[in-house]
Amino acid sequence: MTVGYREGQSFDATRQNWDASGIRPLSWTAWYPAARGATAAVPTEVSWFIQEPVARDAAIAASAMPHPLVLLSHGSGASASAMAWLAYRLAERGYVAIAVDHHGHTGSERYRAEGFLCLWERAADLVALLDDPSWRRSLGGTIDHRAHVAGFSAGAYTALQLIGARIAYSQFEPDNPVKSKVRGPREFPDLIDRLPELHANPVFRKSWERRRSDFSDPRFRCAIAIAPGRSVLGYAVESLAAMSRPVFIIGGDADDIAPPSECCDWLASHIQGSTLDIMNGGIGHYTFLPEGSNIGTQLSPDLFRDATGVDRRAVHDAVAMRIADFFDDVP
């Protein structure tokens, strides 16, 4: 099946951007089954990732039933393109897959400390996108009003919030009882020390005050958590126990960024009926990123260096197939 590709821009008028200079942006990228006769080509834009052939701005395939929808959430500091490996394969299975650049927490724009602290705003991004009819008009066709959701690393945190996980403590909140020597991500290694100065920003204050809110939405049918990070340890365990929608947790046995014994296993122990799959064979955290282009591997080799014997493309094929099969079985 030929995969269509389209980019667009939405906005959430209910929230301001971090500068308070306008409303919050929602840049999105969609992969979808293209109409018969569409011609695919490998994009020529410079990218850190090896890119698959797509039919840019092609019409969506005709379908007697609404196309199933998946919303995707990238990892910390990444962008929608980091979810292309999964989105492309889901589109080949007939899904419309849309990823959003999370404002302030994405490499597609300037990093903001607020964006790295206020992870809950990412869940609100996907709710806002689901509310916005403009991307539906752009893609055309008939697309399900409900959605599956999948996320990698920080995106896994986002996905779980959308089906009921609620925050007890932010990872970098001073009162967080889960103490860690880590005071911030590599982009902001002193993030926890910036809290006092950030409170001078009224947009940040408003967001921080609602960190324990319920961001779930009944339109999300299930959640896929890929290599969830330590931020999930700040969830209220009672909220996890109360979750009733299907959850699939996927990790890698050699992940030293978000060790599955600390993160995946902890989630599975608190989410009744969840499915847990720890992939063996030296699968690291960044194995769940796209394959690296020559530029990507030169500029950031740590993101694209897998253990000896690991075939990243084969891992992506296997994971995407398991996720699509999981989605297919959700009522």
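Val46 is exposed, with a relative accessible area of 68%. This residue lies in the loop between β2 (23–33) and β3 (55–56). The model described here is predicted.

**Surface patch**

- Val46 belongs to a nonpolar surface patch, which is also made by Trp48, Ile295 and Leu299.
- The area of this patch is about 410 Å².

- The structure holds one cavity of 30 Å³ or more.
- The volume of the largest cavity is about 30 Å³.
- Three histidines, His102, His103 and His105, take part in the lining of the largest cavity.
- Trp18, Arg24, Gly115, Cys118, Glu121 and Arg122 also line the largest cavity.
- By residue type, the lining of the largest cavity comprises two nonpolar, four polar and three charged residues.

**Trp85 in helix α1**

- Trp85 is located in helix α1, which spans residues 84–92.
- Trp85 is buried, and its relative accessible area is 4%.
- Trp85 counts as buried because its relative accessible area of 4% falls within the range defined as under 20%.
- Along the chain, Trp85 and Asp317 are 232 residues apart, while their C-alpha atoms are separated by 8.7 Å.

Key. Residues are numbered from 1 along each chain as its sequence is written. This is a predicted model: local features need pLDDT of at least 70, side-chain atom pairs count only at pLDDT 80 or more; totals for chains, interfaces and linings use all residues. Side-chain values use heavy atoms; hydrogens and water are left out. Patches are made of residues with over 30% relative accessible area and no salt bridge: like charges are joined within 9 Å, nonpolar side chains (Val, Leu, Ile, Met, Phe, Trp, Tyr) within 5 Å. Accessible areas come from the Shrake-Rupley method with a 1.4 Å probe; for residues, only the protein chains shown count as cover. A salt bridge is a side-chain nitrogen of Lys or Arg within 4 Å of a carboxyl oxygen of Asp or Glu. Helices (H or I, at least four residues) and strands (E, at least two) are DSSP runs, numbered from the N terminus. Buried means under 20% relative accessible area, exposed over 50%, partly exposed in between (1.4 Å probe, protein chains only). On a 1 Å grid over the protein atoms alone, a cavity is a set of points where a 1.4 Å probe fits but cannot get out, and a pocket is an open set with protein on both sides within 12 Å along at least five of seven lines; lining residues have an atom within 4 Å of a point. Grid points are joined across faces, edges and corners, and a volume is the space filled by probe spheres set on the points. Ala, Val, Leu, Ile, Met, Phe, Trp, Tyr, Cys and Pro count as nonpolar, Asp, Glu, Lys and Arg as charged, and the others, Gly among them, as polar.
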